[in-house]
Amino acid sequence: MTDRPALIVTGVGAHADPWHGLAATSEALAGVLAERMPVRHLDTEQVADGATLTDAALIVVNISGDLATDAAAASAVLDPLLDAVASGIPLLAAHSASLAFRDDPRWAELLGGRWVPGVTMHPQIGWSLVQPTAPLSPFRVYDERYSHLEVDDDSALRAIHTDDGIAHALAWSRRAADGHGGVAYSALGHGVEAYRAPGNRALLHALVDELVDTVHAPTERRDGSPASHDLAAAALDYELIALAPHGSEIAATGFADRFDDGELLASGYLLLERLPTGGAALHTHGREVGRVASVDGGLRVDLPGAEIEGRLLRSADAGIALVAESGDWRSVGAGSAILLGDAWRVVVVHGPAPVKLDNRVRLLDDLRAVREMRREQQHA
């Protein structure tokens with residue numbers, strides 16, 4: 001382990017977007033990097049204000065750019081990054097960093113590739129197979145799979161995935177030259193769950209070791225406090241998560257494309273984090289938007305902006321609705337409610353756009369109808 005820190009630069013303001021919880025993924029990245037070196041955090045505003053970068057062993061860039069808005073001026077943040085690499089400090093860029101600084105070609109030239117609006121895309125988030133270069137082994141990860149990235153010829157591929165028979169670059173590196181630091185990029189890392197995959201952690205360690213020119217033996221991951229399990233939870237379908245009292249049976253639908261390691265349960269862009277203190281936090285696109293907790297006589301929900309609409313507790317701001325399948329809602333304050341009943345059951349539905357939220361509530365109704373039909377067939 002080196003004494004010099006890895007410096008994680010997190011995008012804020014114009015160097016972020018609505019779809020990535022960069023603060024959360026920077027913390028997850030820090031957990032991976034801490035197995036190699038100390039870690040410090042800066043954001044893009046601090047870089048633009050002149051924060052020192054030259055004391056780092058490695059700069060890690062976890063930023064983005066909102067493709068739905070005009071590109072922000074790049075030079076205040078990009079110039080210090082380019083100067084640091086020119087001074088010999090290596091740089092590792094993560095996931096949505098390929099969308100950043102899109103109106104300044106110097107970033108794509110440094111990175112060795114870029115996201116091309118209208119060309120680059122990703123299939124629906126879920127489990128996929130990643131094929132890294134030797135000696136790393138293929139691994140599965142719950143993540144977005146960027147596809148059709150533009151990659152320079154002199155970028156050395158470090159990992160690919162295959163979609164519809166076409167191989168797509170997921171990670172690459174570029175050797176240092178003329179006193180500059182080397183550069184690497186990994187397209188993985190949309191959500192915190194991606195950094196829990198041992199194979200992805202090994203890929204990041206390999207990229208870091210290549211950049212800082214060190215050799216490390218594999219290290220075991222350090223886990224935090226165990227999560228509480230006072231709630232039963234299961235993913236019913238894409239962005240539908242059922243909750244019930246601990247010990248309850250939650251009917252399975254055969255939906256397999258979910259991530260669940262006992263602490264985090266992700267279905268699409270809806271994530272439930274089981275908390276050590278009890279209850280769970282609800283996240284949308286990497287940002288915590290509310291909490292649920294089992295209380296005497298029911299389930300308490302704190303979801304800013306939420307209002308009761310019949311069997312729904314709905315927050316347009318969060319793009320989340322909780323659909324009561326058993327129990328009755330009672331408001332206990334602005335954005336807070338209790339689902340009353342010892343045998344309460346609720347399904348968390350994620351949109352986030354209103355039309356998508358409505359469609360997924362209808363999907364839940366369809367799933368319920370299918371269950372009833374199966375019961376009738378079994379008793380016919």
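The protein has 380 residues, for which a compact globule would have a radius of gyration near 21 Å, and its value of 22 Å agrees with this; the radius is taken over C-alpha atoms, and the globule rule is 2.2 Å times the number of residues to the power 0.38. The model is predicted, so local features need pLDDT of at least 70 and side-chain atom pairs count only at pLDDT 80 or more, whereas totals for chains, interfaces and linings use all residues. Residues are numbered from 1 along each chain as its sequence is written, and side-chain values use heavy atoms, with hydrogens and water left out.

**Overall architecture**

- The C-alpha trace spans about 75 × 45 × 40 Å along its principal axes.
- The protein contains six helices and 23 strands; these are DSSP runs numbered from the N terminus, with helices being H or I of at least four residues and strands E of at least two.
- Of the 380 residues, 51% count as buried, a class defined as under 20% relative accessible area, with exposed over 50% and partly exposed in between (1.4 Å probe, protein chains only).
- Among contacts (heavy atoms within 4.5 Å) between residues at least 6 apart in sequence, 64% join residues at least 24 apart.

**Nonpolar cores**

- A nonpolar core is a set of buried Ala, Val, Leu, Ile, Met, Phe, Trp, Tyr and Cys residues joined through side-chain atoms within 4.5 Å.
- The largest core has 63 residues, of which Leu58, Ile59, Leu92, Phe101 and Trp107 touch the most other members.
- Helix 3 (residues 75-86) gives the most to this core, contributing six residues.
- Not counting residues up to four places away in sequence, Leu92 touches Leu58, Ile59, Val60, Val61, Ala184, Tyr185, Leu204, Leu207, Val208 and Leu211.
- A second, separate core of 34 residues includes Leu265, Ala318, Ile320 and Val348.

**Salt bridges**

- The structure holds 18 salt bridges, each being a side-chain nitrogen of Lys or Arg within 4 Å of a carboxyl oxygen of Asp or Glu.
- Glu210 pairs with Arg158, with the closest N and O atoms 3.1 Å apart; this pair links distant parts of the chain, Glu210 in helix 5 (residues 198-212) and Arg158 in strand 9 (residues 156-163), 52 residues apart.
- Glu210 is partly exposed at 31% relative accessibility, and Arg158 is partly exposed at 22%.
- Arg311 pairs with Asp365, with the closest N and O atoms 2.9 Å apart; Arg311 lies in the loop between strand 20 (307-309) and strand 21 (312-315), and Asp365 lies 54 residues apart from it in helix 6 (residues 354-379).
- Arg311 has a relative accessible area of 32% and is therefore partly exposed, as is Asp365 at 27%.
- Arg314 pairs with Asp358, with the closest N and O atoms 2.8 Å apart; Arg314 is in strand 21 and Asp358 in helix 6, 44 residues apart.
- Arg314 counts as buried because its relative accessibility is 16%, whereas Asp358, at 30%, counts as partly exposed.
- Salt bridges with shared partners join Asp79, Asp104 and Arg106 into one network.

- Asp143, in strand 7 (residues 139-143), is buried yet has no salt bridge, the nearest side chain of opposite charge being Arg145 at 8.8 Å; Lys and Arg count as positive and Asp and Glu as negative, while His and the chain ends are not counted.
- The side chain of Asp143 reaches the backbone nitrogen of His190 at 3.0 Å.
- Not counting residues up to four places away in sequence, Asp143 touches Ile125, Gly126, Leu188, Gly189, His190, Gly191 and Ala194.
- His205 lies in helix 5 and counts as buried at 9% relative accessibility; a polar atom of its side chain lies 3.1 Å from the backbone oxygen of Val32.

**Backbone geometry**

- Ala134 and Pro135 are joined by a cis peptide bond with omega of about 10°, and Pro135 is found in the loop between strand 6 (126-132) and strand 7.
- Gly351 and Pro352 are joined by a cis peptide bond with omega of about -5°, and Pro352 lies in the loop between strand 23 (336-350) and helix 6.
- Phe101, although not a glycine, has a positive phi of about 50°; Phe101 is found in the loop between strand 4 (91-94) and helix 4 (105-111) and counts as buried at 6% relative accessibility.
- Glu239, also a residue other than glycine, has a positive phi near 65°; Glu239 is in the loop between strand 12 (231-237) and strand 13 (240-245) and counts as buried at 2% relative accessibility.

Definitions and conventions: Polar contact = N/O pair within 3.5 Å; in protein donor to acceptor, adjacent residues only side chain to side chain.
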